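Me: Please go through the assignments made for this model. For each label, state the criterion and set the value against it.

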Amino acid sequence: MILHELIDYQVLRLIWWLLLGVLLVGFAVTDGFDLGVGALLPFVARTDLERRVAINSIGPVWEGNQVWLILGGGAIFAAWPPLYAVSFSGFYLAMFAILAALIVRPVGFKYRSKRDSAAWRRGWDCALFLGGFVPALIFGVAVGNTLQGVPFRFDEDLRIFYEGSFFGLLNPFALLCGLLSVAMVVMHGATWLVLKTEGPVAARARSYGSLAALATVALFALGGVALFLFVGGYKITGVINPLGPSNPLMKSVETARAAWFANYAAYPWLLAVPGLGFLGAAGAGLALRARLEVGALLLSGLSIAGIIATVGVSMFPFILPSSLDPRASLTVWDASSSHLTLFIMLVCTVIFMPIILAYTTWVYRVLWGKVDAKSIADGQGHAY
Amino acid sequence: MEFDIVSLSRFQFAMTALYHFLFVPLTLGLSVILAIMETVYVMTGRRIWRQMTKFWGTLFGINFAIGVATGLVMEFQFGMNWSYYSHYVGDIFGAPLAIEGLMAFFLEATFVGLFFFGWDRMSKVGHLTATWAVAFGSNFSALWILIANGWMQNPVGAAFNPQTMRMEVTDFYAVLFNPVAQAKFVHTVSAGYTVASVFVLGVSAWYLLKGRHVELAKRSMTVAASFGLAASLSVVVLGDESGYLTTEHQKMKLAAMEATWRTEPAPAPFTVVGFPDQKARETHYAVEIPWVGGLIDTRSLTTPVEGIEQLVERAKVNIKLGVTAFDALQKIRAAGSGAVAPDVKQAFEDNGNLLGYALLLKRYVDDPRKATPEQVSQAAWDTVPQVAPLFWTFRVMVGLGFYFILLMVTFFVLSARRMLDRYPLLLRLAVISIPLPWIAAESGWFVAEFGRQPWIIEGILPTASAVSSLGAATVLLTIVGFALLYSVLFVIEMALMLRAVRKGPSPDDAPDAVLIPATVVPAE
């Protein structure tokens, strides 16, 4: 099969780096508001009916949204096997915590309203809060650790050894990133609730949303300063062959001050990416006040996209640096699948992604409109 | 079993996988049954079929939620507990998982929301389309997962790349149209249909015994018996195909399933029951039927069925050849970008596919080239899985398979003669049969996965080499965590299922219901 050589290995790797970003953004922007609604649940909705309205605003869509995470996991496995192997085994207990939270969440949605007992429902409300808050926090903490480098190394057979502890992940910079992640997810969830509900739930969501938007701007700025002052970064010394085999041990890397800002120094137009993060969040806050419901949701989504893309652009070509053995760091040029696999996966993505976007849009259109007490009653037992 | 990281990781994977597969087969089958019921509704316009779709849909929903959540655990676990596996074969194994997400899971999960929430928001045909999308989505999902699993049983279309120290895909069509994967897919999907049919049959039988929801129950039984008859027949026929392919590709697994200790001259007998004794390499009190084993396994009267002792001898040869490949690999890597001697290159090309056999020696010696003949012999005997558990679970699965055919034939006949409520004893039998297909399905997975040991990928990578470098305490912690979480979920799930069954279909959906606006029931 020679077909795959139509596209350079180097180009394919770059495309898959972009697609990795698209998948992460897809997950954060769609399932992000589900997580945000979970985290906001005890605050924006006080009575049982209000809580049911909030839960049912995401009821029909969260399942589809969560597939972005499943697809993300599969795509990282397929396109970036070393990244999948290192990050999932390295962040072992953190991954377990995410899984536990994400197992409890769907079960909470489905089971909460199956019994009338108030204690039963309060229990699930608590589970739903954790199911939204914990994954948001941990994803942010994981990104914070990625920026600082993660303590892993390879032996000569490329077997992975991780020499950090779970509590080592909870350092101040990582926790700052975790808070930023929670803030942006809460902002996003609030804009969704404003769009999909009315009355007291929407009113409370509006004020929490503005607050979260403000927090997103502040924490993002603070994160940038901390990154510059305390974190530094990594850079490749010498040459790396973008067409070379995916073996991370064939290059040399060193840590350097402010290395994560080098890409912006070289290409100042890249500053538009963090700019989008700031302007989107600020705009979402303003739109909430101006009662532009759709606008607020879109701007909040753009802000999330900008913030995630900022991480990727700052680190490029690094994907997962190693603090233990910097030359083992995973980069775009030496941590991918083979040329053929990347090509096949790209063909599948090009075929299926438009189809997915088409029917997802259609489903959202069918479900368009506010959720209120009446629509839950009409759900006749199928509503959560 | 000692508390080493390999055993613990295997235990966790087995536990979470078997648990996940409590929910998957019901999703696979019930989604199709729902689509069939709703199709009848749309075609005939009779509201009872709508009520049936909504009622079984409620049970489907309770089951679906945990299926999805526990599936996420499976996907994450390869990286978490099996990181060397993920590195070693991610280039091939990751692709079907990703394509599953793209092609199947998005479809299933996006439309399942419409199935529940879309009844009053779209046309009849529109909603039916959503239901079929869920059914197709879940079945496509099984296809890709079994392509991935089929590759672990019969790793075609890939080769080892010394530069990246991993397997890389060479022929994607071979991976896609892997005969083992195709056979497994149809076998597993029909097993799912059987599970759902027995479930619908059993629950409906309970209603008939109680004299409740009689119209709904009878119609549901008719659907379940016809669908289940086709499914239970195909699960046995296609399972036979799967077994036949095992003869071709996994001779050791087959020998262990059948407790064939020594090569049997053609045509081999079939051991119905007996007590396999791994130490003595004998099956005590074996009851044999002449000829049948050879017919099933080889579909001929002239091909012998190979026995464990002979296969171990062959494994010894493979290990020795694997060591030459290992030696060549070390020389190739030592040369770096420099020139490699042609004889070394040739040695690797000739025996590179047996490299995995050299890795079997890693249990006894760091450098396989320094293994003693005793160690080679030990490693060769390691390729024999535990015979007795395989022998028994296989027989449980097959026995149950034939039982489901009988059950479905009986109810199909009763349904055709409109005598479904005539024999309470048979109805009771249907009720107590509900758990049986789950036992059969779990046994099937046990045979497939346990029978592949000591390999995680047949002939390519030993399970012991595939684990992450984690501490035993860490894995023990997550085992306890998953066990607690899963037990609580199981209790809640069962309670909700039973509640929903006891409650029966919603009277609002009844064919003769007067539609009055419903009200929300507030919490106490």
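Me: Why is the pair Asp421(B) and Lys218(B) called a salt bridge?

Reply: A salt bridge requires a side-chain nitrogen of Lys or Arg within 4 Å of a carboxyl oxygen of Asp or Glu. The closest N and O atoms of Asp421(B) and Lys218(B) are 3.2 Å apart, so the pair meets that criterion. The two residues belong to distant parts of the chain, 203 residues apart: Asp421(B) sits in the loop between α14 (387-416) and α15 (424-432) of chain B, and Lys218(B) in helix α7 (residues 214-249) of chain B. Helices here are DSSP runs (H or I, at least four residues), as are strands (E, at least two), numbered from the N terminus. Over all chains, the search finds 29 salt bridges.

Me: On what kind of model and which conventions do these values rest?

Reply: The model is predicted: local features need pLDDT of at least 70 and side-chain atom pairs count only at pLDDT 80 or more, whereas totals for chains, interfaces and linings use all residues. Residues are numbered from 1 along each chain as its sequence is written, chains are lettered from A and ligands numbered from 1 in the order in which they are written, and side-chain values use heavy atoms, with hydrogens and water left out.

Me: What makes chain A and chain B partners in contact, and how many residues does each supply?

Reply: Contact means heavy atoms within 4.5 Å. The contact takes 82 residues from chain A and 86 residues from chain B. Buried area is the accessible area (1.4 Å probe) that two parts lose on being put together, summed over both; for these chains it is about 7700 Å², 71% of it on carbon and sulfur atoms.

Me: How do you know that Arg333(B) and Asp157(A) form a salt bridge?

Reply: Their side chains meet at 3.3 Å, N to O, and two salt bridges are counted between chain A and chain B. On the side of chain A that touches chain B, α12(A) gives the largest share, 14 residues. That side divides into 52 nonpolar, 18 polar and 12 charged residues, where Ala, Val, Leu, Ile, Met, Phe, Trp, Tyr, Cys and Pro count as nonpolar, Asp, Glu, Lys and Arg as charged, and the others, Gly among them, as polar.

Me: What joins domain 2 of chain B to domain 3 of chain B?

Reply: Five residues of domain 2 of chain B are in contact with four residues of domain 3 of chain B. The pair buries about 480 Å², 45% of it on carbon and sulfur atoms. On the domain 2 side, Trp261(B), Arg262(B) and Arg281(B) lose the most area, together 71% of what that side buries. Two salt bridges are counted between these domains. The side chains of Arg281(B) and Glu309(B) meet in a salt bridge at 3.5 Å, N to O.

Me: How do you know that helix α8 of chain A has a span close to the expected one?

Reply: The expected span is 1.5 Å times one less than the number of residues. Helix α8 (residues 199-231) of chain A has 33 residues and reaches 45 Å from its first C-alpha to its last, close to the 48 Å expected. Gly232(A), with a positive phi near 80°, follows α8(A).
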